[in-house]
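Trainee: I've got a fold on my screen and I'd like to learn how to read it. Can we walk through it together?

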Amino acid sequence: MSAPADRPGHGAAFTGHMYTMSWTAGRGWHAPGLRRLANLSVHPGTLGLHYGQVIFEGLKAFRHPGGGMAMFRPRLNALRFQRSARRLAMPELPAADFLLALEEVVAADHAALSDDPEHSLYLRPLMYGSEANLMLRPSEEYEFLVLAFVAGGFFGDTVAPVSVFVSHDHSRALPGGTGDVKCAANYGPSFVAQRAAADAGCQQVVWLDSVEHRWVEEMGGMNLFFVRGTGSSAEVITSPLTGTLLPGVTRDSLLVLAARHGYRVTEERISVDQWRTECAAGLITETFACGTAAVVTPVGRVVDQGRSSWTVGDGTMGPVTAHLRTALTDVQRGRSADPDGWLHLVPSAAHRTYSGGS
Ligand SMILES: *Cc1c(COP(=O)(O)O)cnc(C)c1O
């Protein structure tokens, strides 16, 4: 499926290339290379297909005013990919090889990206257990790949507030589970809750912790922030990383930027009852979700399944949300200083070496 170049749908406008590399027990990583995007040929007994030994990442590359391409904090994705691999008993990919694979795809396909400043190249690394074997044990062969697609706005090209549905029927993650890594098995089970949200007239599902069913953890595939108060004395709050939240690169970046812009920054668990009562009392003034795909997206309305519903602030994007969104996108797109070295410029010509090994 392709989408019009002026308004690419999220995840549809794939570029022309992919990068692939293989791992086998005893041999380690081998056969790296860029190739034309093409169908994979997999054995019907492919282990990852049956048992979910599949992990992925998501990050973006942006075209900068000078014409060059830059990726945003890809080293954090490389490290998170390694953590995901460890959790699923898969081989770790050296960070240097992960970065090189991303660079190759960006260098090959950056022309697919228009000059529209709202658009970016979304990069999708993936690794799956590729051995044709249905023993219930880790695969002894793996395929790593990187695909790319042109991304517009995740919720369309505007930043309209979303309505959210707090699910009490379904949980995303449990203590000791896989909620803090990016494995494919976390997402399929979320679709039924997403559908329940849509049936309730909402665009997104909000996940509560799975033990007390009380603490607000995440929204869909995004981290959540709350704002208490207004103006320069506002407090910016997000849940601590309890082990059942995905440690987002965007979350981490916004914590740094919020502090730099003078906001008080707190990692604090917020219960769903607190969210409602503090909104009613005017204490919580804004709520927004954040992630690579949707950047910073305001939450306008909350439906707490079977209980109550309320509006956050006046239901539109609040000033702190707008400020942080701009602060983040300005760094990503090279419009403001990058004091932390978050941008990883992509060399246009390749002189590539591979670390090899396992
Ligand atoms: C990917 C993801 C996020 C956001 O992570 P970023 O690194 O900011 O893109 C948040 N929550 C979940 C469940 C995710 O899968």
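This is a predicted model: local features need pLDDT of at least 70, side-chain atom pairs count only at pLDDT 80 or more; totals for chains, interfaces and linings use all residues.

Trainee: Which residue in β6 stands opposite leucine 59?

Mentor: β4 is also joined to β6, by three bridges, and these strands run antiparallel. Opposite leucine 59 you'll find leucine 123.

Trainee: Is β4 largely enclosed or open, and how many of its five residues are buried?

Mentor: Buried means under 20% relative accessible area. β4 is largely enclosed by the rest of the structure, because the buried residues number four of the five.

Trainee: Which element gives the most to the largest nonpolar core?

Mentor: That core has 34 residues, and Leu123, Met127 and Phe144 have the most contacts inside it. Several elements each supply at least two of its residues, including β4, β5 and β6. The top giver, with six residues, is α3.

Trainee: And leucine 49, is that one buried or exposed?

Mentor: Leucine 49 is found in helix α1. Together with Leu40 and Val42, Leu49 makes a nonpolar surface patch of about 280 Å². Exposed means over 50% relative accessible area. Leucine 49 has 61%, so the word is exposed.

Conventions. Residues are numbered from 1 along each chain as its sequence is written. Side-chain values use heavy atoms; hydrogens and water are left out. A nonpolar core is a set of buried Ala, Val, Leu, Ile, Met, Phe, Trp, Tyr and Cys residues joined through side-chain atoms within 4.5 Å. Buried means under 20% relative accessible area, exposed over 50%, partly exposed in between (1.4 Å probe, protein chains only). Patches are made of residues with over 30% relative accessible area and no salt bridge: like charges are joined within 9 Å, nonpolar side chains (Val, Leu, Ile, Met, Phe, Trp, Tyr) within 5 Å. Accessible areas come from the Shrake-Rupley method with a 1.4 Å probe; for residues, only the protein chains shown count as cover. A salt bridge is a side-chain nitrogen of Lys or Arg within 4 Å of a carboxyl oxygen of Asp or Glu. Two strands pair if DSSP finds at least two bridges between them.
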